[in-house]
Amino acid sequence: EGHLSRRVAGTVVATAGYRYLEYPAVSIHQPQPALTWYHRRGEVEGRLFLTLNPDRDRTSATLLLRALQDVSGRVRLGGGVSYGDRIFDSASLPEVDQRAWQAHGWVRFGLTPRDFLVVGGALAHERPDFDLKSWLVAYRRGF
């Protein structure tokens, strides 16, 4: 996996990314163009995942929108949404339409300048029969 980024205007950065995945039965190529806007209290990113499966002659696309926002010196919000085809299974289902969505969010509370409590969750669904509900409570310590 590799990424190259370049500032294109003001605080907007364009990124060209590429990921290669090798499975026993299939190889996946995934170009990932993105634009990120950095502002004083956070950032907003849009990223397109183009999943190319040449072994099964399949191409799918997924769009990710995510944001980070510093609410105060001790509180940061983060979250995002994805929508597309084959978010969770890019290799093994060659014939079935696998429309999917995913949404996640979290809040990070600063307990000290180095200690943080993070609370969050995620919801996801991929046709025909994958559902996910995930909750997060974490302690982080910076060094």
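Predicted model: local features only at pLDDT ≥ 70, side-chain atom pairs only at ≥ 80, totals over all residues.
β5 and β6 form a hairpin, with four residues between the two strands. Strands here are DSSP runs of E with at least two residues, numbered from the N terminus. Two strands pair if DSSP finds at least two bridges between them.

Residues are numbered from 1 along each chain as its sequence is written, and side-chain values use heavy atoms, with hydrogens and water left out.

| Pair | Bridges | Direction |
|---|---|---|
| β4 (residues 42–53) and β5 (residues 58–70) | Twelve bridges | antiparallel |
| β5 and β6 (residues 75–85) | Nine bridges | antiparallel |
| β6 and β7 (residues 99–110) | Eleven bridges | antiparallel |

Leu 52 has Thr 59 in β5 as its bridge partner. Leu 77 stands opposite Val 107 in β7.

Now the whole sheet. Nine strands make an open sheet, ordered β1-β2-β3-β4-β5-β6-β7-β8-β9, with antiparallel pairing. β1 (2–9) and β9 (130–141) are at the edges; each has a single partner strand, so one side of each lacks a neighbour in the sheet. From one strand to the next, the twist averages 15°.

What sits over the ring of Phe 116? The charged end of Arg 108 does, 4.2 Å from the ring centre. The cut-offs are NZ of Lys or CZ of Arg within 6 Å of the ring centre and within 35 degrees of the ring normal.

Definitions and conventions: Axes fitted to C-alpha atoms, helices over the stretch in contact; angles between N-to-C directions.
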